[in-house]
Each structure stands twice: as structure tokens, then as C-alpha cells.
Protein chains: 2
Amino acid sequence: MPTIHDVAREAGVAPITVSRVINNKNYVAEETRKRVNAAIQRLGYLPNSLARSLRSHKTHILALVLADITNPFWTTVARGVEDAASENGFNVILVNTDESEIEQKRHLQAVLEKQVDGLLLAPTGDPFQAIDMIRAQGVPLVILDRRPPGPLAVDVVRCDSEGGAYAMTQYLFSLGHRAIAMMCGPCGVSTSDDRVSGFQRAYQAAGWTPGPIQYGEFTVESGYAMANKALEATPRPTALFAGNNFIAMGTLKALRDAGLRVPEDVSVVGFDDLPQALVVEPFLTVVSQPAYLMGHKGNEVLIARLSGLAPETPEEIILPTQIIQRRSTAAILPQ
Amino acid sequence: MPTIHDVAREAGVAPITVSRVINNKNYVAEETRKRVNAAIQRLGYLPNSLARSLRSHKTHILALVLADITNPFWTTVARGVEDAASENGFNVILVNTDESEIEQKRHLQAVLEKQVDGLLLAPTGDPFQAIDMIRAQGVPLVILDRRPPGPLAVDVVRCDSEGGAYAMTQYLFSLGHRAIAMMCGPCGVSTSDDRVSGFQRAYQAAGWTPGPIQYGEFTVESGYAMANKALEATPRPTALFAGNNFIAMGTLKALRDAGLRVPEDVSVVGFDDLPQALVVEPFLTVVSQPAYLMGHKGNEVLIARLSGLAPETPEEIILPTQIIQRRSTAAILPQ
DNA sequence: CTGTTAGCGCCTTCAC
DNA sequence: GTGAAGGCGCTAACAG
């Protein structure tokens with residue numbers, strides 16, 4: 001593997017001149033530039049970005065730390081992040097925490113050691129420790145999707161979970177539903193908590209007692225289990241509210257296995273849409289979140305900070321959600 | 001950001017001793033080790049992996065270059081690769097080519113500059129140039145999913161596309177189908193070519209003329225267009241064979257829009273299954289490929305090479321496919 | 001417009 | 001068991 005010195009010798013110039021050609025910095029005579037480029041071609045030279053970054057203190061790498069890349073919601077967020085990165089000459093390292101605080105810490109350490117220029121984090125559990133560790137290294141940070149507790153000390157880009165859940169619950173009310181079972185992700189994760197809050201606020205506004213609430217995991221298995229539990233209640237809920245797309249999948253499977261029809265016997269609503277490439281005929285009524293936009297916008301905020309273009313005080317950007325009405329919900333007669 | 005020197009000063013030792021503690025190399029007195037670790041804690045020191053790698057000529061990073069990470073097939077492959085990496089202390093950089101040779105070259109260069117220890121490549125287009133570039137840098141390489149043309153000069157781990165397509169075509173024959181339209185990905189990509197070959201071989205074995213063959217893209221849109229074209233034929237094909245999961249999705253959408261029922265009016269089969277988390281009730285009859293295993297095994301082969309444990313001559317590992325029979329296929333009466 | 005010098009933070013090599 | 005010297009490949013800072 002040739003180095004910059006080999007190229008310099010081959011072209012009859014000093015190494016720094018090669019460096020300037022590679023980086024398009026300072027003026028280099030047209031003829032010199034040609035000689036250098038020819039030498040680069042001849043030797044098949046590729047700059048060593050390790051050495052380059054060590055010297056320049058810039059890696060042009062950002063890290064995206066999220067819960068679960070097998071979830072299409074996160075795949076879409078990742079796409080948004082990567083596109084914004086590409087547009088600005090950055091690469092993205094992607095790591096999965098699987099909602100484990102230990103994994104999160106391990107991965108965070110690993111990417112910090114790699115000297116990433118910035119970090120996008122969808123935090124698992126209590127984010128204070130994580131944020132502190134990142135701060136201590138002086139690495140710019142944007143929190144994605146989830147709301148850190150306490151006063152705002154960091155940029156946040158997320159969706160309006162509370163408002164979305166509120167609106168969806170009201171929509172179910174408008175169809176005549178009143179016994180709605182809420183099945184959410186882990187308690188303590190802000191997206192879970194906010195969706196539950198929105199659900200409860202809608203009931204409060206109506207002056208009713210909220211339906212049963214369960215906390216679980218953002219997985220198909222957990223959704224399956226929670227739905228089965230919810231269906232045991234007497235009288236049976238007339239609608240099930242799934243806290244994310246995987247919980248909705250588990251819920252639909254549980255209903256199928258229980259021999260119940262959707263929406264004739266039970267209405268089902270969820271959070272997060274599925275990409276149109278993955279479904280032939282969209283069926284589920286959902287609170288849709290702008291996943292791609294969140295990723296893209298989040299990274300724009302981060303890159304603005306890196307470039308010193310960002311405002312002094314941290315921003316919190318809350319993107320609106322939207323109800324997409326499909327065939328998994330039906331009106332019921334008032335009792 | 002503290003360096004190894006700061007830690008050394010804090011602990012009252014030489015930098016090299018800190019290095020030995022971090023790397024668990026050579027013997028370090030228990031008491032010294034404790035002092036050093038305490039200093040590391042106090043300063044919140046994280047080793048700079050750039051400097052480390054520059055010196056040690058090892059990054060512990062592998063690159064996975066594939067066509068399209070939004071496809072669940074590739075997501076699953078990536079999971080297999082990442083798990084095998086984790087198990088062996090490696091990280092994975094993941095890059096998308098979107099089936100573009102230009103993007104492939106650009107990305108390949110970028111990851112080579114990052115000094116990755118090894119490469120897993122699902123090549124797009126003619127892989128010779130790519131393989132040469134990688135070889136020139138002396139970076140170990142495993143080809144994934146696709147069969148490079150010509151004699152075997154590199155490790156390959158892939159699935160038996162030809163055999164899978166052959167078996168599926170025979171299965172359709174056994175249901176009485178004879179007018180089967182094949183809709184595949186790009187001509188020149190070995191998985192496309194092999195699936196077409198298997199399809200043709202089945203017809204040859206039966207002594208019949210193969211049904212119409214179309215080459216397109218591995219996308220929903222392309223599947224939609226190819227299916228519409230296939231349906232124009234007179235007489236209409238009784239079965240449609242989709243070359244991958246996205247083409248199958250497009251096909252099903254086209255049939256829905258054309259008002260045709262599956263399988264009553266037309267049978268549909270595909271290649272690649274969808275993860276069970278993404279479908280409530282699996283419907284499509286498919287040739288299922290062991291995507292996770294391919295990724296995992298592929299990376300094991302690569303890591304074995306890195307460790308010098310691999311055999312001298314390149315290996316070609318061909319994993320078997322499997323027909324999963326579901327509700328998108330029906331028997332038709334012989335004419 | 002081009003070159004010299006020095007050092008990024010760490011680890012290899014050799015010494016004791 | 002510990003340390004000193006030197007260099008991995010590149011570019012910042014300063015000439016000229």
C-alpha cells in the first residue's frame with residue numbers, strides 16, 4: 001500500500017504538495033497537479049484516512065445510536081440520517097442498543113473512541129449518564145425521537161407522541177369506542193410514556209376513566225402477549241391501541257389466533273406506519289410519524305452545530321403526527 | 001480530551017505502561033494496574049482508536065457492501081454479518097450501492113481509505129474491477145450472495161438460486177401450470193441470471209418452451225410494471241414468478257389493481273421470504289433463502305481468513321434454498 | 001506556488 | 001515488571 005511519500009517521489013514533489021492536490025487546498029500549479037494525479041493513478045494510491053483524521057481532528061463520521069434496526073420505523077429514520085449525511089460529506093456508523101442500557105454504554109464508548117465528529121442518539125433508559133459521557137468528550141449531540149427528562153440542555157428532534165395518542169384516542173371515541181386497551185413499550189421510555197399520557201388526557205377531557213394500560217416491549221412477542229391479556233377483560237375492550245408497529249403486528253396475530261375479526265369484533269389502531277414496499281394493501285389505522293424527516297432534520301441540526309451555524313441555546317423540534325384512517329377501525333353503536 | 005500521557009502522569013508511570021493496561025498485554029504489577037485504572041476513571045479517558053489503528057495496522061472494522069438496506073432480505077443478511085462480527089470483536093460499516101457501479105466504486109474507495117480489516121461484498125455489475133481494487137490494497141474479501149464470473153479466485157458464500165428457481169418451476173408444473181411468466185432483476189446480476197437459468201432448465205427438462213422472461217429491477221415499481229406487461233399476453237399466464245420479494249410486492253399490487261384474485265385467477269410465487277415480524281398472515285409461496293445464515297457464515301469465512309485460519313485455496317459455499325408453500329398458489333385443471 | 005519541520009496519540013521494538 | 005526512542009501516514013504552521 002503506497003503512501004503519500006511514494007506518490008511524492010513518483011511525481012518529483014514534496015509530500016505536502018500531494019496532500020494539497022488530494023484536498024484541493026491552496027493553489028497548486030495546473031501542471032504539478034497533473035503530474036501528481038498521474039502518479040496517484042499509476043500507484044493506485046488511496047489516502048489513509050486514519051492518519052488524515054488523526055492529524056486533522058476530523059473524521060467526517062457521525063454515529064447513529066438507536067434501539068432496533070430491524071424495525072422499519074428505525075430503518076426509515078436511518079435512511080433520513082444517511083441522506084442528510086451524504087448531502088454534507090459525512091458517513092454514518094449505525095449501532096443497535098436493543099433497548100439495553102449496558103449495550104448503549106458499550107457502543108457509545110466504542111464510537112467515541114473512533115472519534116466520531118457528532119452523535120445522534122435515541123436514548124434507552126435514563127439518558128443522563130450517556131449524555132454526560134458524550135459531553136465529557138466534547139462531541140456534539142442531538143437526541144432523536146425521545147424526550148430527555150428535565151430542563152433542555154441538548155438539541156432534541158422528535159415527534160409529537162402525546163398529541164398523536166390524544167388525537168387517536170379521540171378518533172376512537174368519535175367512532176363510539178370507550179373501552180380501549182392501551183398496550184405500550186417500556187415504561188420510562190419517553191415515547192411510551194407520552195403515548196400513555198395522550199391516551200389518558202383524552203379520557204380526562206371526556207370525563208371518563210381511562211381503559212386498561214399495559215407496558216411491555218416494542219416487539220411482536222410483547223404485543224401478542226399484551227393483546228391476549230387485554231382480551232381477557234370483561235367486558236372485552238372494543239378497541240386495542242398498539243404503542244408501535246411491532247406491538248400492532250403481535251396484536252393482529254393474537255386476534256387472528258383468538259378467532260376475532262378486525263374491525264367487526266375489535267378495532268385496532270397503532271403507532272408508526274409500515275413502508276409501502278412491505279405491504280400489498282395497507283389495512284391498519286395508525287398514528288403516522290414522519291420518520292424519514294425526523295432522521296433528516298435531526299442530522300441537519302447536528303451538522304449545523306458542527307459547522308458552528310447553530311443557535312447558542314439548544315433547540316427542541318417537535319414534528320407533528322398524522323392519523324391515517326384505514327380498515328382496521330369501525331364504528332360501534334352507542335350503548 | 002485526555003491522552004495516554006495525561007493518564008500516565010496522573011498515575012505516575014510511563015505512557016507505555018498505560019498502553020499495556022488498556023490492552024492487557026505483557027505483565028503489569030497488580031498494584032500498578034490499579035493505579036492506572038483509577039487514573040483512567042478519574043480523567044474519563046477513552047483511547048483514541050485512530051492513533052491506535054494507525055500504529056497497530058488493525059482497525060477491527062469490516063465493511064459490508066450491499067445493494068439495498070431497505071430490503072428486509074438484506075437487513076437480515078446484515079444482522080447475520082453483525083452478529084458474527086460482534087462475536088469476534090469486530091465492528092461493521094454498512095454501505096448501500098443501490099445497484100449502481102459508480103456508487104459501489106465510490107463506497108469501496110471510502111471504506112478502503114478507512115483501512116477496514118476486511119470486506120464483504122455483494123457485487124453490482126461486473127465485479128472484476130472492484131475485486132482488483134480491493135486486492136491491490138491487500139484487503140481480505142468475501143463475495144456474498146452473488147457468483148463472480150470465471151474461475152474462483154476469491155471466497156464466495158451464496159445461496160442456490162438456480163436450484164431454487166428450478167424446484168419452484170417444477171412445483172408450479174406439478175400444480176398444472178405451464179404458462180409461467182418470469183420477472184427478474186437486472187440482467188448480469190448473477191442472482192437474476194441464475195434464477196432465469198433454473199426456470200429455463202425446468203422447462204427444458206419437461207421438453208417445453210419456457211414462458212416469457214423479463215429483466216427489470218429488484219424494486220416494487222419494476223415488479224408492478226413487469227407484472228402488468230406479463231398480464232397483457234394472450235393467453236394470460238396462469239402463474240407469475242417474481243425474482244425477489246419487492247418484485248413480488250409489485251406483482252401483487254398490479255394484480256389487485258387489475259382486479260385479479262390470487263390464487264383463483266393467477267398464482268404468484270416469489271423469491272425471498274419476509275420476516276415474520278412484518279406480516280400478520282404469511283400468504284406468498286416462496287423460495288426461501290437462508291439470509292441470516294449467509295451473512296453469518298460469510299463473515300465467519302472472512303474472519304477465518306483474517307486470522308490466517310482459512311484454507312489456502314478459495315472456498316465456494318452454496319447454501320440450499322427451500323420452497324415454502326402457502327396460499328398464493330393453486331392447482332389448475334390440465335387443458 | 002512549493003517546501004521544511006514538527007507532531008497528532010498510540011504502540012512496536014529494544015533495552016534494562 | 002517497566003521504560004525510552006522512534007515512527008505509523010498525514011497535515012498545521014510557518015517559511016520562502
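Two residues are in contact if their C-beta atoms, placed from the backbone, lie within 7 Å. The exercises below apply this to a predicted model.

**Exercise 1. Describe how chain A and chain B meet, and find how the two copies are related.**

Step 1. Begin with the residues that take part: the contact takes 35 residues from chain B and 35 residues from chain A. On chain B, the elements that give two or more residues to the side touching chain A are helix H4, helix H5 (72–87), strand S2 (91–96), helix H6 (101–113) and helix H11. Sorted by class, the residues on this side of chain B comprise 18 nonpolar, 11 polar and six charged.

Step 2. Compare the two sides. Of the interface residues of chain B, 100% are also interface residues in chain A, so the copies meet through the same surface.

Step 3. Turn to the geometry. In general, two copies of a chain are related by a rotation about an axis and a shift along it. Here chain B is superposed on chain A by a rotation of 180° with 0.1 Å of shift along its axis, and the RMSD is 0.1 Å. The two copies are thus related as by a two-fold rotation axis. In chain B, the C-alpha nearest this axis belongs to Leu50(B), at 2.8 Å from it.

**Exercise 2. Which residues come nearest to DNA strand D, and which are the closest to DNA strand C?**

Step 1. Around DNA strand D there are 25 residues, and those that come nearest are Thr3(A), Ile4(A), Ser19(A), Ala51(A) and Tyr27(B). Two or more residues of this surface come from each of helix H2 (15–23) and helix H4 (49–56) of chain A, and likewise from helix H2 (15–23) and helix H4 (49–56) of chain B. The surface near DNA strand D divides into 14 nonpolar, eight polar and three charged residues.

Step 2. DNA strand C is surrounded by 25 residues, of which the closest are Tyr27(A), Thr3(B), Ile4(B), Ser19(B) and Ala51(B). By class, the surface near DNA strand C has 14 nonpolar, eight polar and three charged residues.

**Exercise 3. Work out the order of the strands in the sheet of chain B with mixed pairing, and say what packs on it.**

Step 1. The open sheet has six strands in the order S7-S6-S8-S9-S10-S12 (chain B), with mixed pairing. Strand S7 (213–215) and strand S12 (322–324) of chain B stand at the edges, and each has a single partner strand, so one side of each is left without a neighbour in the sheet. On average, and with direction ignored, neighbouring strands of this sheet are turned by 15° against each other.

Step 2. Look at one pair within the sheet: strand S10 (residues 285–288) of chain B pairs with S12(B) in the antiparallel sense over three bridges, and Ser288(B) stands opposite Gln322(B) in S12(B).

**Exercise 4. Is Thr169(B) buried or exposed, and which residues does Thr169(B) touch?**

Step 1. Apply the cut-off, by which a residue is buried if 20 or more other C-beta atoms lie within 10 Å of its own. Thr169(B) has 28 C-beta neighbours inside 10 Å and therefore counts as buried.

Step 2. List the contacts. When residues up to four places away in sequence are not counted, Thr169(B) touches Ile180(B), Gly198(B), Phe199(B) and Ala202(B). The C-alpha atoms of Thr169(B) and Tyr203(B) are separated by 8.0 Å, although these residues stand 34 residues apart along the chain.

**Exercise 5. Show how strand S5 (residues 155–159) of chain A is covered, and find its pairings.**

Step 1. Five of the five residues of S5(A) are buried. Asp155(A), Val157(A) and Cys159(A) lie on one side and Val156(A) and Arg158(A) on the other, and both faces are covered.

Step 2. Strand S4 (residues 141–144) of chain A runs parallel to S5(A) and is joined to it by three bridges; the bridge partner of Ile143(A) is Val156(A). Strand S11 (residues 316–319) of chain A pairs with S5(A) in the parallel sense over four bridges, with Arg158(A) opposite Ile318(A).

Definitions and conventions:
Residues numbered from 1 in each chain as written. Chains lettered and ligands numbered in written order. Predicted model: local features only at pLDDT ≥ 70, side-chain atom pairs only at ≥ 80, totals over all residues. Near = placed C-beta within 6 Å. Nonpolar A, V, L, I, M, F, W, Y, C, P; charged D, E, K, R; others polar. Pairing = 2+ DSSP bridges. Axes fitted to C-alpha atoms, helices over the stretch in contact; angles between N-to-C directions. Least-squares fit on C-alpha atoms with pLDDT ≥ 70 in both. Buried ≥ 20, exposed ≤ 12 C-beta atoms within 10 Å, placed from the backbone.
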